[in-house]
Number of protein chains: 4
Amino acid sequence: MQHSSPQATVSGSLGIGMVGYAFMGRAHSQGWLGAREFFSPPLWPQLRTVAGRNRAGAQELADHFGWGGVTTDWQDLLSDDGIGLVDICTPGDTHAEIAIAALEAGRHVLVEKPMANTVAEAERMAAAAERAAARGQIAMVGFTYRRVPAVQLARQIVAEGKLGTIRLIRAEYLQDWLVDSAAPFTWRSDRELAGSGALGDIGAHAIDLAQFVSGELITEVSGLLDTAVATRTDAEGVAQEVTVDDTAAFLTRFQGGAVGNFTATRMATGRKNSLRLEISGELGAISFDLEDLNVLQLQDTSEGDRAGFRRIDVTEPSHRYLSGWWPPGHALGYQHGFTHQALDLLNGIAAGENPRPTFADALGVQRVLQSVEDSARDRSWVAVDQLARTDN
Amino acid sequence: MQHSSPQATVSGSLGIGMVGYAFMGRAHSQGWLGAREFFSPPLWPQLRTVAGRNRAGAQELADHFGWGGVTTDWQDLLSDDGIGLVDICTPGDTHAEIAIAALEAGRHVLVEKPMANTVAEAERMAAAAERAAARGQIAMVGFTYRRVPAVQLARQIVAEGKLGTIRLIRAEYLQDWLVDSAAPFTWRSDRELAGSGALGDIGAHAIDLAQFVSGELITEVSGLLDTAVATRTDAEGVAQEVTVDDTAAFLTRFQGGAVGNFTATRMATGRKNSLRLEISGELGAISFDLEDLNVLQLQDTSEGDRAGFRRIDVTEPSHRYLSGWWPPGHALGYQHGFTHQALDLLNGIAAGENPRPTFADALGVQRVLQSVEDSARDRSWVAVDQLARTDN
Amino acid sequence: MQHSSPQATVSGSLGIGMVGYAFMGRAHSQGWLGAREFFSPPLWPQLRTVAGRNRAGAQELADHFGWGGVTTDWQDLLSDDGIGLVDICTPGDTHAEIAIAALEAGRHVLVEKPMANTVAEAERMAAAAERAAARGQIAMVGFTYRRVPAVQLARQIVAEGKLGTIRLIRAEYLQDWLVDSAAPFTWRSDRELAGSGALGDIGAHAIDLAQFVSGELITEVSGLLDTAVATRTDAEGVAQEVTVDDTAAFLTRFQGGAVGNFTATRMATGRKNSLRLEISGELGAISFDLEDLNVLQLQDTSEGDRAGFRRIDVTEPSHRYLSGWWPPGHALGYQHGFTHQALDLLNGIAAGENPRPTFADALGVQRVLQSVEDSARDRSWVAVDQLARTDN
Amino acid sequence: MQHSSPQATVSGSLGIGMVGYAFMGRAHSQGWLGAREFFSPPLWPQLRTVAGRNRAGAQELADHFGWGGVTTDWQDLLSDDGIGLVDICTPGDTHAEIAIAALEAGRHVLVEKPMANTVAEAERMAAAAERAAARGQIAMVGFTYRRVPAVQLARQIVAEGKLGTIRLIRAEYLQDWLVDSAAPFTWRSDRELAGSGALGDIGAHAIDLAQFVSGELITEVSGLLDTAVATRTDAEGVAQEVTVDDTAAFLTRFQGGAVGNFTATRMATGRKNSLRLEISGELGAISFDLEDLNVLQLQDTSEGDRAGFRRIDVTEPSHRYLSGWWPPGHALGYQHGFTHQALDLLNGIAAGENPRPTFADALGVQRVLQSVEDSARDRSWVAVDQLARTDN
């Protein structure tokens with residue numbers, strides 16, 4: 001019998017320090033592990049330290065996933081020379097401070113979406129990332145749905161020109177966990193902490209997905225925000241005002257002229273986690289639904305009276321990321337996007353190329369979100385300049 | 001062997017005069033015949049005369065469906081005492097004149113949707129219908145999708161309160177026959193003749209369906225109209241400007257507070273005739289798609305962790321209209337809605353009760369359509385008072 | 001105003017005499033009418049006489065559909081020179097006598113499926129048809145599902161060789177109207193009247209469809225027949241023994257070597273009328289379900305890692321029979337197959353060409369059915385020679 | 001900062017020795033890791049040693065998943081006192097030898113399906129497991145599809161009696177990787193190594209699933225085995241005879257009287273990994289498809305004319321295994337069944353209770369497989385006594 005060190009087959013390693021230990025902390029932890037279990041990244045991710053205000057919670061995560069240690073102060077991560085990347089999984093109101101500090105401390109950064117709670121914060125983050133890029137640092141935002149293999153195939157098909165001129169983009173992110181008036185008040189219904197409701201939490205995904213797959217940016221919006229249940233009871237039994245939207249609906253224009261229509265809602269009874277995107281072009285269409293995430297629907301009008309939406313099971317070895325996984329037809333799930341994200345980030349760092357979405361990309365999404373809020377407040381159309389310079 | 005007169009088993013008859021002999025003329029003709037073939041209406045519809053400007057076209061329709069005669073002047077129908085109902089299947093710009101004349105001549109009237117090309121016309125028609133009602137005449141508009149059995153079941157479920165408070169209404173009418181830039185210019189792309197494009201042609205159906213099933217009226221709208229292909233070539237090879245929308249998208253509020261989001265388009269590549277409606281309520285949801293018209297999807301949240309959208313095959317004898325048709329699971333199609341419409345109208349005339357949608361109902365839809373146009377032009381929200389008095 | 005005779009635009013006419021006035025009588029009546037309403041057949045079908053043992057029932061049908069007269073004796077039809085075709089819609093035990101008499105009386109014949117209750121009857125019918133063919137008469141059996149446009153497209157795709165060598169054919173006909181043990185005893189559960197149960201009633205459709213679309217005949221079978229509920233109560237409250245199968249399952253070989261697997265059942269809870277066929281070939285596959293009858297699923301393996309089942313909406317004008325109907329995406333239903341059947345038969349008679357399925361084709365199906373019964377009884381494989389000579 | 005030992009929060013640990021390092025080795029490795037990452041098993045699985053004839057291959061697996069060491073001799077595992085469980089992931093022809101040796105050496109055993117290549121081997125294994133059980137050892141077979149949450153829910157619904165008397169069970173396992181005649185010859189097409197083809201490889205899953213969910217055993221079978229492509233070319237370019245089936249189809253009876261119909265095939269063009277099960281009962285039905293593995297379809301006839309197959313998204317925290325994973329609607333994939341299997345086995349070992357499927361359960365499946373082979377060879381029905389005593 002012969003024992004081995006785990007990273008024997010790879011060339012180097014990267015120490016990871018993660019901030020946050022809840023749902024997203026678990027998703028990211030398995031992502032880092034998955035990247036080394038199922039792929040051979042050029043840098044071997046080492047799960048070094050988890051930072052969390054609640055030591056017991058952080059310790060429990062560390063125990064389950066094999067993180068080397070825990071701390072209650074995220075700034076400890078920046079004084080540990082063994083940590084090359086800071087992975088930020090905390091609520092959005094803390095992202096700017098941690099990300100900017102980490103970048104200024106010379107660390108690569110991965111930050112969960114939404115990038116920030118305000119455009120101002122996002123602009124400062126993007127500026128910090130731009131300065132850090134000059135020093136060779138990488139900064140990326142975690143819109144993991146880009147890394148679903150079926151979404152990658154959709155992007156590739158559009159990029160090949162298979163849809164022709166894009167005419168119409170419809171996107172929905174449908175959940176239903178607030179349908180019940182008796183569902184409790186949590187931080188997610190508090191504007192101070194959450195920034196916005198369905199709009200920022202899931203509408204951000206719909207916007208990023210639509211822009212990523214279409215390759216086009218939104219240039220103006222007209223939106224509506226709705227809070228169907230104005231007051232909810234918190235865990236202590238106290239009635240609290242709901243200060244965020246539970247439904248956001250907005251019309252858009254894309255830079256190439258396409259019309260867009262979006263709905264993001266926590267009020268779509270019976271729809272648990274349905275992120276749907278359909279792009280209609282002159283030559284064809286693609287359709288995707290996260291509730292059936294291994295599938296891409298493709299229509300090719302050149303097939304004439306035998307055309308129709310074709311259900312592609314995106315699980316062949318030739319599909320992106322699939323060579324690391326199982327035989328055709330063996331489904332991937334929600335968590336695999338985090339593994340692919342970790343892999344892409346490790347590859348990017350090794351190659352010195354910043355993977356998309358960059359902080360600048362995510363700032364663009366943030367500006368769309370803000371424009372929807374402005375539009376809803378002013379009951380008017382609002383132009384969006386996603387590429388506006390930031391001089392922070 | 002014994003010969004019989006066809007209406008032997010029914011109590012009376014109603015002479016029908018129809019104006020128009022194209023697509024809608026055929027649909028209505030089979031509707032009248034179907035009502036007497038598959039049901040036992042209290043009034044036996046007699047296909048008496050078809051009026052059409054093109055005698056050969058009208059004659060061909062008459063030959064195929066057994067209409068008793070043809071005329072090139074619709075006013076002949078009003079001088080024939082044997083005609084009790086005028087059925088108007090012509091383009092929208094002629095509806096007001098014919099309908100008002102027929103009502104003033106004492107005839108019952110059925111008019112195809114859209115009721116008219118302008119709100120002003122619709123208001124005059126509604127006023128005429130109101131006056132005629134006082135004389136016992138019936139006037140109805142042909143939103144036939146109300147008469148799909150699955151739609152009737154949806155309405156019934158909502159009316160029973162099974163969905164609870166309605167939170168969200170999403171409706172789409174998706175077609176793709178203008179996706180190809182080379183598709184020819186026809187009257188449907190000409191504002192003078194068609195009034196509007198996707199909005200009035202199919203958006204009207206989406207609006208009527210959403211209001212009918214939810215039982216709630218739209219109170220304000222914010223919309224966008226788009227013409228993706230600005231110029232098309234007509235049958236003579238002449239380039240013509242497209243003066244109507246090919247996509248209409250609009251956000252709405254309903255009177256009960258629900259948010260609405262609508263898309264009506266001829267640019268949804270690969271979608272041939274998909275009229276979709278999903279209504280999300282606190283206790284459940286219903287979902288319908290005209291491309292699978294025998295099915296209603298129903299979700300009941302009280303089923304807890306065993307809840308889910310249930311695919312109801314609406315072909316049981318106990319479902320509305322089904323007693324006249326085939327055994328369970330034997331599909332009905334597009335045309336059956338016209339049969340049910342004819343049946344409901346015959347029943348209504350016999351009972352002296354005006355079936356919905358009345359001219360007043362359709363005027364409401366017309367006001368929504370106009371408001372969407374106003375909103376798109378002014379890039380603002382527009383209030384809709386569907387119940388506004390008309391003093392024409 | 002000018003009145004016209006209904007057949008003015010066609011060249012000749014054909015008098016129809018129909019035997020039977022129940023479910024199938026209605027389906028055939030609308031089929032004859034539909035053929036002349038929506039198409040321009042070379043022979044104009046005249047609905048001359050309905051024969052039925054119950055005069056009131058026959059009269060009611062005649063009134064609804066405009067049959068010229070009724071009789072209680074089907075032999076009256078053979079003495080009426082105005083009747084050129086006898087359409088047989090009675091239960092299967094009467095088919096042979098009526099069909100043979102009609103053929104010998106010089107009439108064209110359409111007979112509902114199942115062609116007969118026994119192979120011996122079917123052989124006599126096929127022999128009579130063969131003799132009649134020599135006199136220019138046409139004889140056809142009513143497997144109407146062949147005339148669903150999506151099925152026609154499936155056949156065409158296979159005939160073009162698009163699937164390559166066929167490897168596997170799976171067919172199911174699933175209904176559930178006998179799931180309830182308390183469902184009443186009717187003639188359909190009585191072997192004397194019905195011949196067999198699910199096997200002959202719906203299994204016959206599955207066999208014909210599989211053979212028609214694949215273009216291959218079944219050469220051997222191994223089957224099982226099951227009666228899950230042995231006793232049911234009839235309308236008089238008397239317990240009766242169920243003497244037919246309610247589930248038939250059978251494995252087959254096709255002449256080209258493909259494996260077949262069939263299930264026909266009235267015990268498939270929740271499946272109302274689902275006739276499913278999937279044919280798997282080396283180059284592609286087709287899949288069809290009668291519960292979604294306007295759709296054909298097509299898979300083309302040459303599309304590599306972008307292959308997938310493509311949902312073709314078979315409602316384009318270029319699809320068979322569709323030029324007579326509605327615009328793309330406007331669904332046809334169950335009954336339209338009967339219209340297409342009437343049309344094909346009228347075309348065949350005018351052209352002097354016997355449309356498929358001929359009596360010889362249907363005899364082949366009957367032999368498969370009998371072989372399944374033999375196999376189930378003997379618990380062994382049974383060879384089927386569908387092309388065996390008949391010397392009756 | 002404070003470092004922790006990974007198993008700090010659990011009470012004990014269990015050393016795992018795994019034999020095999022290919023596809024199944026990876027699936028099991030992530031299963032063991034997943035059990036400790038996402039759950040809190042009473043025993044902490046330690047990935048101690050991988051045994052594989054090819055050291056480099058074993059070492060690569062060990063590096064990726066963090067196994068402590070490798071060996072080329074599986075018997076080394078039995079001399080390591082730190083190994084409490086032997087996990088067998090090798091081809092079926094080696095299972096009996098390894099499993100029996102491990103049981104006799106006092107180790108718990110997990111063996112991948114198919115349990116063995118012959119009934120004789122399986123009987124010896126079951127006897128060894130019975131002897132080991134008396135010593136408190138656990139032995140389990142890896143039919144992981146039992147551990148898909150939707151399958152667990154299906155089993156629970158049947159066990160609650162919600163379907164009533166079961167009438168019909170239809171199961172299919174559809175793959176298409178041998179459709180292409182040019183697909184290469186591999187060990188899976190060699191009877192010596194693989195035992196059988198589609199039958200044992202995937203038919204075994206269909207049998208186990210149908211029996212597990214229905215709670216009923218198969219009592220007799222009539223089957224057909226087919227090899228559509230008789231010769232294939234191996235990696236060296238040599239033509240080799242295919243000595244196993246690529247399609248197995250069989251009819252069955254279940255102990256409670258239900259009829260069964262099964263197809264397992266590698267020739268279902270376009271179907272990548274579709275394991276389908278539908279169980280039809282007097283009161284309801286369930287339907288499952290592995291290509292949509294987070295969903296269970298449920299029909300409840302008591303809902304009358306509002307009944308229909310209900311699409312349950314089996315991702316609620318209350319569903320089995322889900323408390324360890326993500327929020328509702330966040331899909332699990334293929335690999336999660338291996339995690340659940342590892343968890344159940346760890347729980348079983350800690351509790352001293354042998355989880356199902358036991359070696360005796362899997363021996364029953366093996367007997368069904370053998371009976372299908374016998375039936376196909378003899379072209380006759382074959383009785384199966386799954387509970388027959390084994391006196392090895």
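This is a predicted model: local features need pLDDT of at least 70, side-chain atom pairs count only at pLDDT 80 or more; totals for chains, interfaces and linings use all residues.

## Two domains in chain A

The count of salt bridges between domain 1 of chain A and domain 2 of chain A is two. D201(A) and K113(A) make a salt bridge, with their closest N and O atoms 3.5 Å apart.

On the side of domain 1 of chain A that touches domain 2 of chain A, the elements giving two or more residues are helix 3 (95-104), strand 6 (108-112), helix 4 (119-134) and strand 7 (139-142) of chain A. Helix 4 of chain A gives the most, with six residues. Sorted by class, that side of domain 1 of chain A has 19 nonpolar residues, three polar and three charged.

As for the bounds, the domain assignment of chain A puts domain 1 at 12-144 and domain 2 at 146-326 + 358-383. Their C-alpha centres lie 25 Å apart, and the contact takes 25 residues from domain 1 of chain A and 25 residues from domain 2 of chain A. Between them, domain 1 of chain A and domain 2 of chain A bury about 2100 Å², with 68% of it on carbon and sulfur atoms.

## Chain A against chain C

Now for contacts between chains. Here 17 residues of chain A are in contact with 17 residues of chain C. The two chains bury about 1300 Å² between them, and 42% of that is on carbon and sulfur atoms. Which residues of chain A lose the most area to chain C? They are D305(A), R306(A) and R310(A), together accounting for 54% of what the chain A side buries.

The rule finds four salt bridges across the interface of chain A and chain C. R306(A) forms a salt bridge with E160(C), and the closest N and O atoms are 2.9 Å apart. There are also twelve residue pairs in polar contact between chain A and chain C, both at pLDDT 80 or more. Helix 5 (149-159) and strand 17 (309-313) of chain A are the elements that give two or more residues to the side of chain A that touches chain C. Strand 17 of chain A supplies the largest share of that side, four residues. By class, the chain A side has eight charged, five nonpolar and four polar residues.

## Strand 17 meets strand 17

Strand 17 of chain A also pairs with strand 17 (residues 309-313) of chain C, in the antiparallel sense and over three bridges. What stands opposite R310(A) in strand 17 of chain C? It's R310(C). R310(A) is also one of the residues of chain A that lose the most area to chain C.

## Chain C against chain B

Over at the contact between chain C and chain B, 54 residues come from chain C and 54 residues from chain B. The buried area is about 4500 Å², with carbon and sulfur atoms giving 51%.

The count between chain C and chain B is four salt bridges. One of the salt bridges links K272(B) and E316(C), whose closest N and O atoms are 3.4 Å apart. Polar contacts between chain C and chain B number 22 residue pairs, both at pLDDT 80 or more. The elements giving two or more residues to the side of chain C that touches chain B include strand 1 (2-3), helix 1 (23-38), strand 3 (43-51) and strand 17 of chain C. Helix 1 of chain C gives the most to that side, with eight residues. The residues on the chain C side divide into 21 nonpolar, 20 polar and 13 charged.

Which sense does the peptide bond from R356(A) to P357(A) have, cis or trans? It's cis, with omega near -5°. P357(A) is found in the loop between helix 8 (336-351) and helix 9 (359-378) of chain A. A cis peptide bond joins R356(D) and P357(D) as well, with omega about -5°, and P357(D) is found in the loop between helix 8 (336-351) and helix 9 (359-378) of chain D.

Over in chain C, R379(C) has a positive phi of about 50° although it is not a glycine. R379(C) is placed in the loop between helix 9 (359-378) and strand 18 (382-383) of chain C.

Definitions and conventions. Residues are numbered from 1 along each chain as its sequence is written. Chains are lettered from A and ligands numbered from 1 in the order in which they are written. Side-chain values use heavy atoms; hydrogens and water are left out. Contact means heavy atoms within 4.5 Å. Buried area is the accessible area (1.4 Å probe) that two parts lose on being put together, summed over both. A salt bridge is a side-chain nitrogen of Lys or Arg within 4 Å of a carboxyl oxygen of Asp or Glu. A polar contact is a pair of N or O atoms within 3.5 Å; within protein, one must be able to donate a hydrogen and the other to accept it, and residues adjacent in sequence count only if both atoms are side-chain atoms. Ala, Val, Leu, Ile, Met, Phe, Trp, Tyr, Cys and Pro count as nonpolar, Asp, Glu, Lys and Arg as charged, and the others, Gly among them, as polar. Two strands pair if DSSP finds at least two bridges between them. Domain bounds come from an automatic or database domain assignment.
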